[in-house]
Amino acid sequence: MTLRLSSAGESHGPALVAIVTGLPAGLALDRAAIDADLARRQAGYGRSPRQQIEQDTVDVLAGLRHGRTLGTPLALVVWNRDHKNWTWGMSPWPPEGEPIGKGVKPVTLPRPGHADLAGVQKFGHDDVRNALERASARHTAVHVAAGAVAKALLAEIGIVVSGTVLDEEALRAAVDAARAERDTVGGVVEVRADGVPAGLGSYATKEDRLDARLAAALMGIQAVKGVEIGDGFALAELRGSQAHDEIGIDKRRTSNRAGGIEAGVSNGEQLVVRAAMKPLPTLMKPLASVDLATGEAATALVERSDVAAVEALAVVAEAAVAWELAVAATEKFGGDAVGDFVEAHRFYCARIE
Ligand code: EPS
């Protein structure tokens, strides 16, 4: 039983969907808890007016009965409320009637920093919208819903994951200043996980390494350009005697510069990872670009945008880390029923004590 997640959905299409397979049966899910994470993702400072339109909530179409998983594929849906303004422009089928609403006019002005140009080149599109709709961070909403499911599973074995902006005050000041100058900003988020037992992930192959998996998961989030595990880049400046975390007779560490992972394996200390986000590429004062329709010099697309989405990233990164930990935990403890999973974890923890 491998825990897997796949998702689909365009930013202004009808909905965002996710299918989760490999969840044990009998896991209790709390709709309010999932919706609370969706709301946290939307609440961040510097987000666009789109967030007032959306007010995301989750619907479950399969895999759940009376609030408990069935051990069958779980289908999650987050509807795009804004789709009502794009029914012609983002119609999945050839649209009928007069073109009306948003997304009618092709976009030909690619934004530096976005998927726009490489996206149309790669897929052979002539409307940049065909690239930007899926490249948009909008679909992180349904990944947050899946992350909330992962957190419910992790809670069964006492693992708690939480993400924050590294420096909220500085971020808010930077957002205010950037907004005044009609610009955008990025920032750094940190995710910590408590209760992670030693032994998740493995040094056996590079694909097994928990740090590699977490880095890939975080880099998989829009706009993330850097990832650190524990003290990360700062460790490169230290001597070995200063960098490593000494082991006590209780097998605990006196420090945690490794961020809870050594050699790709969790070591029982708090997991600490950080992700750096670049400033958002949709600018009200656009950068130089080319008009793909005429080949002439132009400035990039100007669209409704966020000033920053760093607080949203903290929630999305939390979901991504929770997801990877849930994959690693189910790999290690298995179980078709949630009770089997919990029991295997209990047995293992007793053994390594
Ligand atoms: C996004 C652009 C904005 C954001 C959007 C991500 O959307 P729009 O182009 O519709 O104004 O608001 O984020 C969300 C809608 C969301 O829920 O996170 C982008 O280009 O990535």
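Reader: How many residues does helix 6 have, and how far does it reach?
Author: Helix 6 (residues 168-180) has 13 residues and reaches 18 Å from its first C-alpha to its last. That is close to the 18 Å expected at 1.5 Å a residue, the expected span being 1.5 Å times one less than the number of residues. Helices (H or I, at least four residues) and strands (E, at least two) are DSSP runs, numbered from the N terminus.

Reader: What kind of model is this?
Author: A predicted one, in which local features need pLDDT of at least 70, side-chain atom pairs count only at pLDDT 80 or more, and totals for chains, interfaces and linings use all residues. Residues are numbered from 1 along each chain as its sequence is written, and side-chain values use heavy atoms, with hydrogens and water left out.

Reader: Back to helix 6. Which of its residues are buried?
Author: Leu171, Val175 and Ala178. Buried means under 20% relative accessible area, exposed over 50%, and partly exposed in between (1.4 Å probe, protein chains only).

Reader: Where do they sit around the axis?
Author: They cover an arc of only 70° around the axis, so they are on the same side of helix 6. The arc is that of the directions from the helix axis to the C-beta atoms.

Reader: What covers them?
Author: The cover includes strand 7 (160-165) and helix 9 (310-333). The face turned away from the buried side carries the exposed residues Glu169 and Ala180.

Reader: What comes just after the helix?
Author: Arg182, with a positive phi of about 55°.

Reader: New topic: in what order do the strands of the open sheet run?
Author: The order is 1-2-6-3, four strands with antiparallel pairing. Two strands pair if DSSP finds at least two bridges between them.

Reader: Which strands stand at the edges?
Author: Strand 1 (4-8) and strand 3 (59-62); each has a single partner strand, so one side of each is left without a neighbour in the sheet.

Reader: How many bridges join strand 3 to strand 6?
Author: 3, and strand 6 covers residues 74-79. Val60 stands opposite Leu76 in strand 6.

Reader: And strand 12, is it buried or exposed?
Author: 6 of the 7 residues of strand 12 (residues 271-277) are buried, so this strand is largely enclosed by the rest of the structure.

Reader: Which strands does it pair with?
Author: Strand 8 (residues 187-194) pairs with strand 12 in the antiparallel sense over 7 bridges, and Arg192 has Val272 as its bridge partner. Strand 9 (residues 224-229) also pairs with strand 12 in the antiparallel sense, over 5 bridges; there, the partner of Gly226 is Ala276.

Methods:
Contact = heavy atoms within 4.5 Å.
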